[in-house]
Amino acid sequence: MARLAARLDENAPGTFFVDDSCIDCGACREIAPGTYGRSDRRGQSVVTAQPDGADGELRALMAVVACPTASIGTSPKRPLDAAIAAFPERLEENVHYCGWHSEASYGAASYLIVRPGGNVLVDSPRASRPLFERIEALGGVRTMVLSHQDDVADHAAFARRFGCERVMHAADAGSLPIERRIEGLEPVALDEELTVIPVPGHTRGSVALLYRDRFLFTGDHLWWDEDDHRLDMGRGVCWYSWPEQLRSLDRLRAFRFQWVLPGHGQRFRAESREAMRGAVDEVIHRLSSARRSAG
Ligand code: SF4
């Protein structure tokens, strides 16, 4: 629970506040950008403007539910029922954003694909009874694809609850009880709609998941940078191999997609698959040039 006594002094005056436990995962800023922003001085989120109207307040309260560290509070208290009921939130077609970020994955985002052939959970949200019940009502989980070792969070609780098969690259699975391990660099089709694409770099066993040639779930491989307003990858958070991560990005050019849905960083929907191709090419060109300049 957020502590009023630890309220950051940069918060705009009013009901909503962020306290000093924020880990800067960015979830609140993506859910309610009109309410939350980043204090570069502190490297934490703050309330930049109190929410306006019922919709604005609902978005601000959804951030309260999603926050992995319970760093957002309201004074006086506001009821959370509607915000809890809003997750998983449909993004487009049958792809949903789960909310309920977990501190165990440093606040990574997770997603649910709802399909007649069996729902797919991409990375692990925080285990919570309301989310379990909402996912149950949407048909449960048949498959859980884990993008890499950092974002597994409460996978065991979801596997217990839904009896789903967990899919992960062997290089990151280690001693985890993963039912299906992907090996090597070749893409693996889970069915006619879903392809697991190994993208080593951030970690050795990082994978992306392509759904219907439209949605690419990228884990911590590729994301939208909220400050620079462009797709990006992070050398400073590359734990395995930067040259390998650049090669993995280049291999993504063989696939068509319109969405990038990451664990960290923000989501990005391009106008078209061709526009996404252009955005990916720009990242490749920029980061490859920077590497050449660095010697
Ligand atoms: S969701 Fe919570 S931890 Fe993440 S940036 Fe916002 S306040 Fe900080």
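Predicted model: local features only at pLDDT ≥ 70, side-chain atom pairs only at ≥ 80, totals over all residues.
1. A strand, as the word is used in this note, is a DSSP run of E that is at least two residues long, and strands are numbered from the N terminus.

2. Which cavity holds the ligand? The ligand sits in the largest cavity, and there are 13 residues around the ligand, of which Cys 22, Cys 25, Gly 26, Cys 28 and Cys 67 come nearest. Sorted by class, the shell around the ligand consists of 9 nonpolar, 3 polar and 1 charged residues.

3. Strands β5 and β6 run antiparallel and are joined by 3 bridges, with Glu 92 standing opposite Val 95 in β6. These two strands form a hairpin that has 2 residues between them, and Glu 93, which lies in the turn, has a positive phi of about 50°. Strand β6 (residues 95-97) is in turn joined to strand β7 (residues 111-113) by 3 bridges, again with the strands running antiparallel, and here His 96 stands opposite Leu 112 in β7.

4. A separate pairing involves strand β2 (residues 36-39) and strand β3 (residues 44-47), which come together in the antiparallel sense over 4 bridges. Within this pairing, the bridge partner of Tyr 36 is Val 47 in β3. How many residues lie between β2 and β3 in the hairpin that they form? There are 4 residues between them, and Gly 43 in the turn has a positive phi of about 70°.

5. A further open sheet, also with mixed pairing, contains 6 strands in the order β12-β13-β14-β15-β18-β19. The edge strands are β12 (188-189) and β19 (268-269), and each of them pairs on one side only. Inside this sheet, strand β15 (residues 215-219) and strand β18 (residues 259-262) run parallel and are joined by 4 bridges, with Leu 216 standing opposite Val 260 in β18. In general, strands of a sheet pair through backbone hydrogen bonds, and they may do so either parallel or antiparallel.

6. Two cis peptide bonds deserve a look when the backbone is inspected. The peptide bond from Ser 75 to Pro 76 is cis, with omega near 5°, and Pro 76 has its place in the loop between β4 (72-74) and α3 (81-85). Phe 87 and Pro 88 are likewise joined by a cis peptide bond, for which omega is about -5°, and Pro 88 is found in the loop between α3 and β5.

Key:
Residues numbered from 1 in each chain as written. Heavy atoms only, no water. Near = heavy atom within 4 Å. 1 Å grid on protein atoms, 1.4 Å probe; cavity = no way out; pocket = protein on both sides within 12 Å on 5 of 7 lines; lining within 4 Å. Sits in = over half its atoms within 2 Å of the grid points. Nonpolar A, V, L, I, M, F, W, Y, C, P; charged D, E, K, R; others polar. Pairing = 2+ DSSP bridges.
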